[in-house]
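Please look at the sequence and the model before reading the points of this note.

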Protein chains: 2
Amino acid sequence: MMVKESNKATPRAIVTRNRILSAAEHLFTTRGFAGVTMREVARRAGTNVASAHYHFGSKEGLIIEMLRHRIAPINAERLRLLKEAKHHSGGKPLKPLIIFKALLLPIGQAATGSTGPDSRFMQLVGRSFTEPASFLEKVHRRLFRELSDIFMVELRRSHPAAREEDLFWNLHFVVATMLGALANHRRLVPFSSGLCNDQNVDEMIQRLIVFAGGGFTASIENAKAKANQ
Amino acid sequence: MMVKESNKATPRAIVTRNRILSAAEHLFTTRGFAGVTMREVARRAGTNVASAHYHFGSKEGLIIEMLRHRIAPINAERLRLLKEAKHHSGGKPLKPLIIFKALLLPIGQAATGSTGPDSRFMQLVGRSFTEPASFLEKVHRRLFRELSDIFMVELRRSHPAAREEDLFWNLHFVVATMLGALANHRRLVPFSSGLCNDQNVDEMIQRLIVFAGGGFTASIENAKAKANQ
DNA sequence: CCTTTTCTTAAACGGTCGTTTGAATAATAA
DNA sequence: TTATTATTCAAACGACCGTTTAAGAAAAGG
């Protein structure tokens, strides 16, 4: 296992690497991690299995790198939006809806590629959280720990009277709602007998923000009412 | 492939069948569908692979039967609670919170077994929706189509002014929230640095009901406000 | 009892998997 | 150019997969 640790990269090698990466993204997205073989990825990338192992070391390495490659820009955009909102509010606590906008909008942007809405990618992200593969947990911790800490700080500022425990629970629900909605997005069409469309990603994100914000606020209020009774 | 179509079942055969079923549930629950082999299931059940194939025909057949065996009673309880609530309300439309209680409480009951909370099973249900295996979609349609139709009828009655499309979207979100929360339940503990507990399933369900109800209502109100503007 | 059906078992089948090897090719440096 | 390194490739390795076969054990029916 001799992963290419970015020494001197031949132009052609970079091309190959990217071809493997995007082939992997397409295949893992539509068929899951266990349902795709390295041979299929290599064939779709126009190369062979040894090349994929040369660049990524293993199947796990390929999956991790693919997720990182896609998720890191989304998280950067989330932090950018949050910082922008903070700057715009002039030091005052942010409303929950603003916070959740910063959390959810970048997902929609990422899923609205140049070739039309890529709602399959949203499935992949949602699924990557429910797959039992233990190596994914480390990736998620590395990719999301800092992000969730920062968002928790903002929620605390906007709800100074709320109990820490309740904030954790409800941010957890917001994230779970987001992941569940992303992962099960496709099911909406047959479920609604075609009445609802899964192609309009932006509409879903907008609805999701309202839903998550309403759920969060209702739950926090409920906890407050219980404490006061 | 000669599935046992319930002709005459020897007592010992029933025992074997149940041992395979519960071994499968434990293993698939902790390691996912693709991560478990028929040999492992058979070994844990104290028998061999051919026996498992004799009783369930194939790995898919075993998974389907395991899911059906667990989910069917939950759905029956959901319908019972809904009918009970309707009888209690005397023909008047049900409040969303009551409807979602009927939808969510039975999950908590199922996950609170005699041997302590079985939060792993909730993961399995949540995961079964995000696994890309196509054969699962048929199972889900068969297991959940009638149920969701009935719950939609009740939501329509409680929101006669709402657009059909909005009701579908928001019931979809409620289900997505439930599945996402179930599937990612375990992550709450490390995420909250141990502050929140994942052992108290009932607490989670109660919080989930409030969250889902709040999100649903907020989103419906938002749609109404948009239509009126 | 004997016959027939139901169930269990060890062993094998054909195939595919992730990974590795070693030689050939392309790029870079001298 | 030549020496060195970086990359690609066909082929193979060893392991494990889901499934089937065929024969025997257990149970049921007569």
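1. Basis. This is a predicted model, in which local features need pLDDT of at least 70, side-chain atom pairs count only at pLDDT 80 or more, and totals for chains, interfaces and linings use all residues. Residues are numbered from 1 along each chain, chains are lettered from A in the order in which they are written, and side-chain values use heavy atoms, without hydrogens or water.

2. The same surface serves both, since 100% of the contact residues of chain A recur in chain B (contact: heavy atoms within 4.5 Å).

3. Helix pair. The axes of helix α10 (residues 201–228) of chain A and helix α10 (residues 201–228) of chain B come within 7 Å and cross at roughly 130 degrees (helices are DSSP runs of H or I, at least four residues, numbered from the N terminus; axes are lines fitted to C-alpha atoms over the stretch in contact, with angles from 0 to 180 degrees between N-to-C directions). Residues of α10(A), including A:Phe211 and A:Gly215, meet residues of α10(B), including B:Phe211 and B:Gly215.

4. Core. The largest nonpolar core has 136 residues (buried Ala, Val, Leu, Ile, Met, Phe, Trp, Tyr and Cys joined through side-chain atoms within 4.5 Å; buried means under 20% relative accessible area, with a 1.4 Å probe and protein chains only). Among those with the most contacts inside this core is B:Val41. Beyond four places in sequence, the contacts of B:Val41 include B:Phe28 and B:Leu62.

5. One residue. B:Ser148, in helix α7 (residues 134–158) of chain B, counts as buried at 15% relative accessibility. Leaving aside neighbours within four places in sequence, B:Ser148 is in contact with A:Phe191 and B:Leu171.

Conventions: Buried < 20%, exposed > 50% of the residue type's maximum accessible area, 1.4 Å probe, protein only. Helix = DSSP H or I, 4+ residues; strand = E, 2+ residues; numbered from the N terminus.
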